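Student: I have a structure open and would like to talk it through. Can you take my questions as they come?

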Amino acid sequence: MARADTLARAKELARPELAYLVRFPAADGMKDMELTWAELARDTKWVTERLRGHGLAAGQRALLTTSGFEGFWGHTVIGALRALRVPYGIAEAMGWDHRRTAVFHRELDPDVVIGLSAETLEGLSGSADIGEMFRSTSVVLARPAAVPVLRGAGVSACLMSAVGPALALECPERCGAHVNAAEWRVGERDGELVIAAGEGRRSRLAETPLGIAGRVETGKCACGSEDPRVLLAEAGPTSSSRS
Amino acid sequence: MVGDRDTGDRYFEPQVETMPREQLRALQEERVLELVEYAYGNSPFYRELWDEHGVHPRDIRSLEDFRARVPFITKDMVRAYRARTGDPFGGLLCVPTEELTSVSSSSGTTGDPEFFAEIWEDAPPLVTAQVRDLWELGLRPGDRVLSPPGTFRNLMDPGYQALGAVVIEVDTWIGKMHEVVEALRTYRPAYIQMMYPQMVELEHLAEKVDLKEAFSSLKGASCAGQPLSRKMRERIRDDWGIDVYEYTSAADTGTAWECREHDGFHLWEDTVFAECIEVEEHGWRDVQESDLGELVATDLDNRAAPLIRYRSEDLVRLSRGRCGCGRTHARMWVAGRRGDETLVQGRSVVLRDIWNAVEDQPETVAGVFQIVRERREVDELRLRVGYDPELTGDVDALAGRLGEAVLERTGVKPVLDMRTEEDLLNTMTSVAKFPRVVKS
Ligand SMILES: [Zn+2]
Ligand SMILES: [Zn+2]
């Protein structure tokens, strides 16, 4: 068919190794870093495993709230949902688009909500009870400032956050968001997070302070993962204090 | 200089894009006949509707049969089905929900957004059908593009990347044009997608920033959501040096873009069967090529939830003549929405006349305005108009001048509600559209 032919033609092009130039806020301003197709594929695989750990499987439905400039992780989450055969609805993460989130939530009844922002919650709270809305949702992966709001409303939300050019995803243990140790080195200096690229990344990134208040746990997590966990001050205290 | 690039490899899919009309028609016929069978067998909405009209796929053996027998559908019909059955897809879905890849939605400027069910492999359908348009604009493998502002029609990146473009993550939403200009200077992208409010924002930056220099790396920029006014277009092209490509919705089956000729929006007719018609009290008729009619669209490349003879309410002129670019696919020119016309004490007022009056005043040259009305028929013409505070000394004097200008163009003296542009743009509830007609 038409679009399939277009994409088949596109595959004949000599495409560059790069998929993205990721820009991220660091302590001393915006930085950028290249992201190759090979890295994107590895990142997608890692996200797939993390979401599988949350019990995501075929037959479920997801809602993803994300912005146009978040493709470097949005692409991996979408790739993971495709791999898990979980159809997703998509809405903006910006507060003014909260009505779209509400409509998707009402009509598609998602089992999984990924990327909820505090701005979306604030918008929703004008006409809905946040707790009632999300308490029955099996998995809620929320941005840092949204986590305490949700937990305060009785929703057992998990943290997800961009940590510089990396994505951190909390597991069901809810004791800090995992960062892929095979690709990144995360650490803390004076109560703030730092990140460096692992050996396998094409773009070098020496240890970079991110200006994000938080700390890092390195022991093996109860979920079985050895990936370090970041705990962000903005996301509030963790619900379980295992370390 | 704008628009003078090498055209040696102008077409992305030459055979399809320049296909002779007879061949294109044969292809459409084949797809329509398959579609009718498929939709009747799988969509409860179409089966119910066509049964009511005594239409069965076995009676549809040609495009003529299809046009003569298959009933039109409207947004309201799908909404009614949705309300009656609780099916969020209004009965249009032809596959089980589990087989969908994703669900995106319409801008939702006039109520709840409507869902678009999607099945795809490498890139979502909307942006995939833009690949030919982006190629025409000049985008090539290795070029850089800035990430687009919104995601409500799904993540666009995979489409750009299919073309070999590298996406640079920059927040291009309203209020960020300062950063966008910085990013343009640093990364020298070839393409950026913009929206009307960003153009207004740039207008304000123009005094402080050398926009021509900042935009000089662009092969083109796209702009959607609503037509650019003539003045705005000239400003973008001549003062900022941007080759701007407008695009619009192809009746919710995809998008229709300008080519480098900038003379109408190309429909990709291997993805949509388009009709330009006038619906009358009893039946309908085709309009002449030079006349305005309503765009009616049928999805030819959508097995998730195809629209079939969907009345878009868009008033367009449609031409199937070969374009200066050499493509054979039809072009359309959009005059407005069927519902945009307002009757003020029986007198017809169209958007374009108001627009011309608004942009003739220097303080409101950006053309940011809305008609405020409960119904199409009103006793007074209420207009909310955004002005640039830096250019406006006396708001009352401006209102006086503007009121006279609107009266002159439309024959109606408006009731004006003057706001700053920023105030008015901040009332937007969608990335895609600044609504021209609002209820309150
Ligand atoms: Zn864990
Ligand atoms: Zn053309």
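Tutor: What follows is a question-and-answer pass over this predicted model.

Student: Start with the metals. Which residues hold the zinc ion (ligand 1)?

Tutor: Its protein donors are C171(A) through SG, H178(A) through NE2, C221(A) through SG and C223(A) through SG. They lie 2.1 to 2.3 Å from the zinc ion (ligand 1).

Student: What is the geometry of the site of the zinc ion (ligand 1)?

Tutor: Tetrahedral, with angles of 102 to 113 degrees among the four donor atoms. For reference, the ideal angle for four tetrahedral donors is 109.5 degrees.

Student: How are the donor residues of the zinc ion (ligand 1) spaced in sequence?

Tutor: The spacing is C-x6-H-x42-C-x1-C.

Student: Is C171(A) buried or exposed? And H178(A), buried or exposed?

Tutor: C171(A) has a relative accessible area of 3%, so it is buried. H178(A) is at 0% relative accessibility and therefore counts as buried.

Student: Now ligand 2. Which residues coordinate that zinc ion?

Tutor: The zinc ion (ligand 2) is coordinated by C259(B) (SG), H266(B) (NE2), C323(B) (SG) and C325(B) (SG), at 2.1 to 2.3 Å. Along the chain these donors follow C-x6-H-x56-C-x1-C.

Student: Why is the arrangement around the zinc ion (ligand 2) called tetrahedral?

Tutor: Because the four donor atoms around the zinc ion (ligand 2) subtend angles of 103 to 118 degrees. To count as tetrahedral, all angles among four donors must lie between 85 and 135 degrees.

Student: Are C323(B) and C325(B) buried or exposed?

Tutor: C323(B) is buried, at 5% relative accessibility. C325(B) is buried at 3%.

Student: Change of topic: strand 7 of chain A. Why is it described as largely enclosed?

Tutor: Strand 7 of chain A covers residues 158-163, and five of the six are buried, so the rest of the structure largely encloses it.

Student: How does strand 6 of chain A run relative to strand 7 of chain A, parallel or antiparallel?

Tutor: Parallel: strand 6 (residues 139-142) of chain A is joined to strand 7 of chain A by two bridges. A142(A) has L159(A) in strand 7 of chain A as its bridge partner. Between strand 6 and strand 7 of chain A the chain passes through helix 7 (residues 146-152) of chain A, and this β-α-β crossover is right-handed.

Student: And strand 8 of chain A, parallel or antiparallel to strand 7 of chain A?

Tutor: Antiparallel, over four bridges, with strand 8 of chain A made of residues 166-170. S161(A) is opposite A168(A) in strand 8 of chain A. Strands 7 and 8 of chain A form a hairpin with two residues between them. In that turn, G164(A) has a positive phi of about 60 degrees.

Student: Where is P237(A)?

Tutor: P237(A) is in the segment after strand 13 (229-232) of chain A. P237(A) counts as exposed, at 74% relative accessibility. From L7(A) it is 230 residues away in sequence and 47 Å away in space, C-alpha to C-alpha.

Student: Over to chain B as a whole. How many helices and strands?

Tutor: Chain B has 15 helices and 21 strands. Its C-alpha trace spans about 70 × 55 × 40 Å along the principal axes. Of its 440 residues, 59% are buried.

Student: What radius of gyration does chain B have?

Tutor: Chain B has 22 Å, which agrees with the value near 22 Å for a compact globule of 440 residues. Among its contacts between residues at least 6 apart in sequence, 66% join residues at least 24 apart.

Student: Which residues of helix 10 of chain B are buried?

Tutor: They include Y196(B), Q198(B), V200(B) and L205(B). Nine of the ten residues of helix 10 (residues 196-205) of chain B are buried, so the rest of the structure largely encloses this helix.

Student: Last, the sheets. What order does the open sheet of three strands in chain B have?

Tutor: The order is 16-15-18, with mixed pairing. Strand 16 (347-349) and strand 18 (377-378) of chain B are the edge strands, each pairing on one side only. Strand 15 (residues 342-344) and strand 18 of chain B run parallel, joined by two bridges, and V344(B) has V378(B) as its bridge partner.

Student: And the open sheet of four strands in chain B, what order?

Tutor: That one runs 20-19-17-21, also with mixed pairing. Its edge strands are strand 20 (415-420) and strand 21 (437-438) of chain B. Strand 17 (residues 369-372) of chain B is parallel to strand 21 of chain B, with two bridges, and I371(B) stands opposite V437(B).

Key. Residues are numbered from 1 along each chain as its sequence is written. Chains are lettered from A and ligands numbered from 1 in the order in which they are written. This is a predicted model: local features need pLDDT of at least 70, side-chain atom pairs count only at pLDDT 80 or more; totals for chains, interfaces and linings use all residues. Side-chain values use heavy atoms; hydrogens and water are left out. Buried means under 20% relative accessible area, exposed over 50%, partly exposed in between (1.4 Å probe, protein chains only). Two strands pair if DSSP finds at least two bridges between them. A crossover is right-handed if, with the strands pointing away from the viewer, the path from the first strand over the helix to the second runs clockwise. Donors are N, O and S atoms within 2.8 Å of the metal (3.2 Å for Na, K and Ca); water is not among the atoms, so sites may look incomplete. Four donors count as tetrahedral if all angles lie between 85 and 135 degrees; four count as square planar and six as octahedral if opposite donors are over 155 degrees apart and all others between 65 and 115; anything else is irregular. The radius of gyration is taken over C-alpha atoms; the globule rule is 2.2 Å times the number of residues to the power 0.38. Contact means heavy atoms within 4.5 Å.
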